[in-house]
Amino acid sequence: MREEIGAVALGLPATSKVVQWGGSDVYKVGGKVFAMCGDIYVAFKVTDIGFVVLTEDGPGRQAPYCAKGQWVAVDLDRLAPDDAQGWISTAHSLIAAKLTKKVRAELGL
């Protein structure tokens, strides 16, 4: 599943990948993190409503080390590929929207 997450993330515009924080694949847009994937779980940015839905009734929990903002972690063995694609795409959009107009223009977003 980790490879599938990478394919989805890297298929989004202006995305880069670095390996950091203990060997996690960290996906960024404009230098800002929107998703992280390790061997056990994937973590990604969500909306306020998405956080409630995923953590109260869904497969997610508050992402470790990401107490600020709305970040959710979902265990890879509980992750449906179709859900992952939507969640990662939304995370990318949320973070890209926070970039300055200048940076978005430079990245073609």
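Predicted model: local features only at pLDDT ≥ 70, side-chain atom pairs only at ≥ 80, totals over all residues.

Trainee: Which strand is joined to β6 by 5 bridges?

Mentor: That is β4, residues 41–45, and the two strands run antiparallel.

Trainee: And which strand has 3 bridges to β6?

Mentor: Strand β5, residues 60–62, has them, and this pair also runs antiparallel. Here Arg-61 has Ala-73 of β6 as its bridge partner.

Trainee: Let us change topic to helix α1. Which of its residues are buried?

Mentor: In α1, residues 2–10, they are Arg-2, Ile-5, Gly-6 and Ala-9. Viewed down the helix axis, these buried residues lie within an arc of 100°, so they line one face of α1. In general, an α-helix has 3.6 residues a turn, so residues three or four places apart point the same way.

Trainee: What covers the buried residues of α1?

Mentor: The cover includes strands β1, β2, β3 and β4, together with helix α3.

Trainee: One last topic: what volume does the largest pocket have?

Mentor: The volume is about 210 Å³. Of its 13 lining residues, Ser-24, Met-36, Tyr-41, Pro-64 and Tyr-65 are the closest to the centre. The lining has 10 nonpolar, 2 polar and 1 charged residues, and β3 and β4 each supply at least two residues of that lining.

Key:
Residues numbered from 1 in each chain as written. Heavy atoms only, no water. Pairing = 2+ DSSP bridges. Helix = DSSP H or I, 4+ residues; strand = E, 2+ residues; numbered from the N terminus. Buried < 20%, exposed > 50% of the residue type's maximum accessible area, 1.4 Å probe, protein only. Arc of directions from axis to C-beta. Contact = heavy atoms within 4.5 Å. 1 Å grid on protein atoms, 1.4 Å probe; cavity = no way out; pocket = protein on both sides within 12 Å on 5 of 7 lines; lining within 4 Å. Points joined across faces, edges and corners; volume = space filled by probe spheres on them. Nonpolar A, V, L, I, M, F, W, Y, C, P; charged D, E, K, R; others polar.
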